[in-house]
Amino acid sequence: MNQQPPTPPNAVELNLILAGLGGQGVIFMTRLLAQTWVALGHPVIVSETHGMSQRGGSVISHLRIGGSEAPLIQRGTADVLLALEADEAVRNLPFLRQGGHTFVNSENGLRPEVTGHLERLHIQLRSLPATSVAVEIGSAAIANVVLVGFAVAFPSMPLSIEALRETLGAIAPRGRELNLQALEAGYRAGCADGA
């Protein structure tokens, strides 16, 4: 007999696409989010679709919280896109549903030629120069954690900062303090942006 785990209170159904280039930390960002939701009792499915995850190659993760058991998110159905690079955000915009949300590591948002597409589909765009924030903290390598902190300051990412702090301590004990600083910096920027 196949038993389903009990549905947690306040069950969440969310489809996320995480995108970037090899070496930017897409896989770590996926692990951080997935393990946080698992710790909260939500069913999670993760699938990575990329050629070579070598430095510089495109890396995409599909992260499904609750809902469907299919591993890949279909185009036009993702709720949230987290992109560690502006061109990767543009490349993966077709995954977003109408009214979806994009969080991108960028100084200036996305290319002007995609503005019409975003407006037509009512896609919310939030950008933060996460790499610059990470460098100020002490390492460009933590831009991925800065972006996650930024995203969870908004209702479209229904995950608490406290839960992420716990997961960070468990999955990255050596870099815990730096990662926590990155998470907090991104979260503060998101709270200021959304105010």
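## How helices cross

A crossing of two helices is called left-handed if the near helix is turned anticlockwise from the far one by less than a right angle, and right-handed if clockwise. Helices here are DSSP runs (H or I, at least four residues), numbered from the N terminus. This is a predicted model, in which local features need pLDDT of at least 70, side-chain atom pairs count only at pLDDT 80 or more, and totals for chains, interfaces and linings use all residues. Residues are numbered from 1 along each chain as its sequence is written, and side-chain values use heavy atoms, with hydrogens and water left out.

## Helix α1 with α5

The crossing of α1 and α5 is right-handed. The axes of α1 (residues 26–39) and α5 (residues 143–151) come within 9 Å and cross at roughly 40°, where axes are lines fitted to C-alpha atoms over the stretch in contact and angles run from 0 to 180 degrees between N-to-C directions. Helix α1 is therefore oblique to α5, since angles under 35 degrees count as roughly parallel, over 145 as roughly antiparallel, 65 to 115 as roughly perpendicular and the rest as oblique.

Contact means heavy atoms within 4.5 Å, and in this pair Phe28, Met29, Leu32 and Leu33 of α1 meet Asn144, Val145 and Val148 of α5. These residues divide into six nonpolar, one polar and no charged, where Ala, Val, Leu, Ile, Met, Phe, Trp, Tyr, Cys and Pro count as nonpolar, Asp, Glu, Lys and Arg as charged, and the others, Gly among them, as polar.

## Helix α1 with α6

The axes of α1 and α6 (residues 161–171) come within 9 Å, crossing at roughly 120°, which makes α1 oblique to α6. This crossing, too, is right-handed.

From α1, Phe28, Arg31, Leu32, Leu33, Gln35 and Thr36 meet Ala163, Leu164, Thr167, Leu168 and Ile171 in α6. The contact of α1 with α6 has seven nonpolar, three polar and one charged residues.

## Helix α4 with α5

Helix α4 (residues 130–137) packs with α5 at an angle of about 115°, their axes being 8 Å apart, and α4 passes α5 in a right-handed crossing. On the α4 side the contact is made by Ala130, Thr131, Val133, Ala134 and Ile137, and on the α5 side by Ala143, Val146 and Leu147. By class, these are seven nonpolar, one polar and no charged residues.

Definitions and conventions: Helix = DSSP H or I, 4+ residues; strand = E, 2+ residues; numbered from the N terminus.
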